[in-house]
Amino acid sequence: MLLEIQNLSKVYGVSCGECLDLTGVADDSCICPVCDSVVAMNRVSLSLDGKEVLGIVGESGSGKSTLLQLIYQDQCPDNGRIFYNGFCDRHGVPLNIFEASVSECSVLRNKEMSMIYQNPRMGLNYLFSAGGNIAEKIIGAGERSYEVVRNRVIELMGRLELPTSRVDNYPDTFSGGQQQRIQIAKALSSSPKLLLLDEPTTGLDLSVQAKLLDLIKELQKEMGFAMIIVSHDLGVINHLTDVTMVMKHGCLVEYGLTDQILEDPQQPYTQLLVSSIL
Amino acid sequence: MKLDVRQIEKQFVLHNRGGVRVTGFSDISFNVARGELLALVGPSGAGKSSVLKAIYRTYLVNGGSILFHRQDGTVVDLAVCTESSVLELRQREIGFVTQFLKVLPRISALQAVAAPLLELGEEEGAARRRAAELLAFLNIREELFDISPLTFSGGEQQRVNIARGVIAPKELLLLDEPTASLDEESSSRVLKLLGNLKKQNIAMIGIFHDQRKVDQVADHCYRILREA
């Protein structure tokens, strides 16, 4: 078990005691009728084994990105716990990652997990060079030798098919697809066990998208990390994932093997989603 | 004993069509032992492919059990086990040769067939050689090896699909109409391959429409009838 999420909830607004019960799929809304708060996440539970690839699919506003942000601790939940493999107290009892100290949190975010955002501007520092961005993560993961860092940066850029001669150029001088690759190189530089991807190819050309996704799949097989991919594109989900969860209004609608979700969807919303494929 | 299917049934509920229920199959029971081929026969639309998909967990069943006897001797019910268990089994122990080839348009025929061997850790050169041998045995011309199989004829696609399914056979192999689009010569080659798998103690369940093929290769037959 690599990751276990228990009853995770996140509410934006004043929050009354009834927000979670008065919103969701059955109510067809994520806005609390009593206090107007927005329920971004409504008691979501799931678990992920090492090396598994999970897809999160749902419409805009369903809570997909919020879930990733909570796992990566870009945000704090209002309720619920997340357990991560190896993160325990000295007796071996698993600890809630939200109770991690600053340094433990840093290890989780810099070494164990990595996040690739939809917009490279959220994952890269445009005041650093491409190489500098990648190096920052390697150093954050504990490496101190300049030579080792530099070599690893060049190796990763080559692996991501970025021109290594441009290692000292700034990210905004690269194309959109290349900026995304710099982000991916940075995310992989610490050899994470869990990679989180938030709509990594939205907005990119079809051929660029195909190349990037093929590369991500290849790297996942090679390096053996687990992945959680958020996408509203069922084609991406089909290509990359082993299991899929469907979200709507902050709730988990259905979870299953990706081929089962696509070929034998059980819930009405899932059936609607699958029938919407072009 | 490799697979023990007991009274499985499936109904599709189409919520976007007013909740209409369509029966997939009902009260299906059979078993397959190592080294045996069970033929699933019956009229078109009776539920044969659905039964195979249910075993592979692409479809969920509403009742019954699908008991799979693993290599290590334990027994797992495929109908209810966790997704993680199914993924592990699919990787190592259960294979599915689908009715139609599903592959990315960017992959060549040779790459598609070599992939299962590479996934097991086989060295690239050896995997490609073995893939080439298998494709040649199934009468695919060498000039097609480096081309996307989606540009091939239906029969050629099927042969690529079968090659991919048998190159690194898992202990249980499910085959959905392996000889459907093939001429006599290609069919008999495929049946020969299946015969070889039997000798390697692979258990197989195959859907066939042609009774002669069934007679040639199957040890047992299970007939699924369409409900009245």
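In this predicted model, the two domains of chain B meet through a handful of residues: 5 from domain 1 are in contact with 6 from domain 2. On the domain 1 side of that meeting point, 4 residues are nonpolar, 1 is polar and none is charged. If you want to find the pieces, domain 1 is assigned as 1–93 + 172–181 + 202–228, and domain 2 as 100–169. Taken over C-alpha atoms, the centres of these two domains of chain B sit 25 Å apart.

Now for chain B as a whole. There are 7 helices and 9 strands in chain B. With a radius of gyration of 18 Å, close to the 17 Å from the globule rule for 228 residues, chain B is as compact as a globular protein of that length. Here are some overall values for the chain.

| Property of chain B | Value |
|---|---|
| Box filled by C-alpha atoms, along the principal axes | roughly 50 × 40 × 35 Å |
| Residues counted as buried, of 228 residues | 39% |
| Contacts joining residues at least 24 apart, among those between residues at least 6 apart in sequence | 70% |
| Mean pLDDT | 92 |
| Residues with pLDDT of 70 or more | 99% |

Next, the partner chain. The contact between the chains takes 11 residues from chain B and 16 residues from chain A. As for the complex, the predictor gives an ipTM of 0.90 and a pTM of 0.91.

What about the inside? The largest nonpolar core has 131 residues, and the members touching the most others are A:Ala185, A:Leu196, B:Val113, B:Ala163 and B:Leu174. Helix H3 of chain B, residues 109–119, supplies the largest share of this core, with 6 residues. Both domains of chain B take part too, as the core draws at least three residues from each of them.

Leaving out residues up to four places away in sequence, A:Leu196 touches A:Leu68, A:Ile71, A:Tyr72, A:Met113, A:Ser114, A:Met115, A:Ile116 and A:Ile228.

Finally, have a look at A:Asn125. This residue lies in the loop of chain A between helix H4 (120–123) and helix H5 (130–140). A:Asn125 counts as partly exposed because 13 other C-beta atoms lie within 10 Å, while a residue would be exposed with 12 or fewer and buried with 20 or more. Between the C-alpha atoms of A:Asn125 and A:Asn42, which are 83 residues apart along the chain, the separation is 33 Å.

Methods
Residues are numbered from 1 along each chain as its sequence is written. Chains are lettered from A and ligands numbered from 1 in the order in which they are written. This is a predicted model: local features need pLDDT of at least 70, side-chain atom pairs count only at pLDDT 80 or more; totals for chains, interfaces and linings use all residues. Domain bounds come from an automatic or database domain assignment. Two residues are in contact if their C-beta atoms, placed from the backbone, lie within 7 Å. Ala, Val, Leu, Ile, Met, Phe, Trp, Tyr, Cys and Pro count as nonpolar, Asp, Glu, Lys and Arg as charged, and the others, Gly among them, as polar. pLDDT is the predictor's confidence in each residue, from 0 to 100. Helices (H or I, at least four residues) and strands (E, at least two) are DSSP runs, numbered from the N terminus. A nonpolar core is a set of buried Ala, Val, Leu, Ile, Met, Phe, Trp, Tyr and Cys residues joined through C-beta atoms within 7 Å. The radius of gyration is taken over C-alpha atoms; the globule rule is 2.2 Å times the number of residues to the power 0.38.
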